[in-house]
Amino acid sequence: IQEQFSPLIGFDMMFVNQMQAKFEYTKTRQLSLSLYDFQLSEVRSTEFIIGAGYRKRGLPMPFGLKWPKFLSSKKASSTKLENEINFRIDYRIRDNVTANSRLDQDNNFATGGSKEITISPSLDYLINNRIKVKFYYDQRRIIPYISSSAPITNTRAGVQVNVSLAQ
């Protein structure tokens with residue numbers, strides 16, 4: 001049996017001043033019955049996501065640089081672009097718990113689980129309708145509930161450049 005409320009409660013808003021706000025609360029549960037050894041396994045998960053962001057359009061060229069005419073549209077001037085910058089940061093906490101129960105006995109024991117904490121800021125810069133640059137960072141920490149597992153930290157960071165050749 002699998003239950004999933006994804007999201008149970010959630011909103012993602014952008015305000016008039018181009019600020020963004022996000023909140024999600026997610027719950028899942030999965031039950032597995034084994035008739036071979038009469039065990040019921042339950043995996044429960046709860047997740048909170050809190051995010052914020054800001055978007056700004058029409059940034060001037062830095063340091064007084066001139067923008068090449070072949071990359072700009074007719075409406076754009078040489079110092080002010082039709083561009084967009086979008087900053088976003090998300091913070092999530094996920095709680096996973098695995099428990100087993102024997103059907104012929106009256107005991108319930110934890111067999112696994114962890115707490116995952118993730119922070120992921122990103123910066124998208126849309127230079128024009130053909131060129132987009134993205135800077136991102138993503139760090140995930142996994143803190144186990146049982147002593148037989150080790151804590152894990154994964155970090156990803158990088159730059160993506162997307163160039164569209166079509167008009």
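The side chains of Arg55 and Gln18 are joined by a polar contact of 2.9 Å. Keep in mind that this is a predicted model.

**Exercise 1.** Work out where Arg55 sits and which side chain of opposite charge is nearest to Arg55.

*Solution.* Next, check burial and charge: Arg55 is buried, and its nearest oppositely charged side chain is Glu84, 4.1 Å away. A salt bridge needs a nitrogen–oxygen pair within 4 Å, and Arg55 has no salt bridge. Finally, list the neighbours: beyond four places in sequence, Arg55 is in contact with Met14, Gln18, Gln20, Glu84, Ile85 and Asn86.

**Exercise 2.** Decide whether Asp12 is buried or exposed, then find what Asp12 touches.

*Solution.* Asp12 is in strand β1, residues 2-14. Its relative accessible area is 54%, so Asp12 is exposed. Skipping residues up to four places away, Asp12 touches Ala21, Lys22 and Arg88.

**Exercise 3.** Find how many aromatic pairs the structure holds, and describe each.

*Solution.* There are two aromatic pairs. Take Phe11 and Phe23: the ring centres are 6.1 Å apart and the planes sit at 35 degrees, so this pair is tilted. The pair links Phe11 in strand β1 with Phe23 in strand β2, twelve residues apart. Phe11 is partly exposed at 38% relative accessibility, and Phe23 is partly exposed at 24%. Now take Tyr25 and Phe48, a tilted pair with 4.8 Å between centres and 35 degrees between planes. Tyr25 is in strand β2 and Phe48 in strand β3, so the pair ties together parts 23 residues apart in sequence. Tyr25 counts as buried at 17% relative accessibility, while Phe48 is partly exposed at 37%.

Methods
Residues numbered from 1 in each chain as written. Predicted model: local features only at pLDDT ≥ 70, side-chain atom pairs only at ≥ 80, totals over all residues. Heavy atoms only, no water. Helix = DSSP H or I, 4+ residues; strand = E, 2+ residues; numbered from the N terminus. Buried < 20%, exposed > 50% of the residue type's maximum accessible area, 1.4 Å probe, protein only. Lys, Arg positive; Asp, Glu negative; His and termini not counted. Polar contact = N/O pair within 3.5 Å; in protein donor to acceptor, adjacent residues only side chain to side chain. Contact = heavy atoms within 4.5 Å. Phe/Tyr/Trp six-rings, centres within 6.5 Å; stacked < 30°, edge-to-face > 60°.
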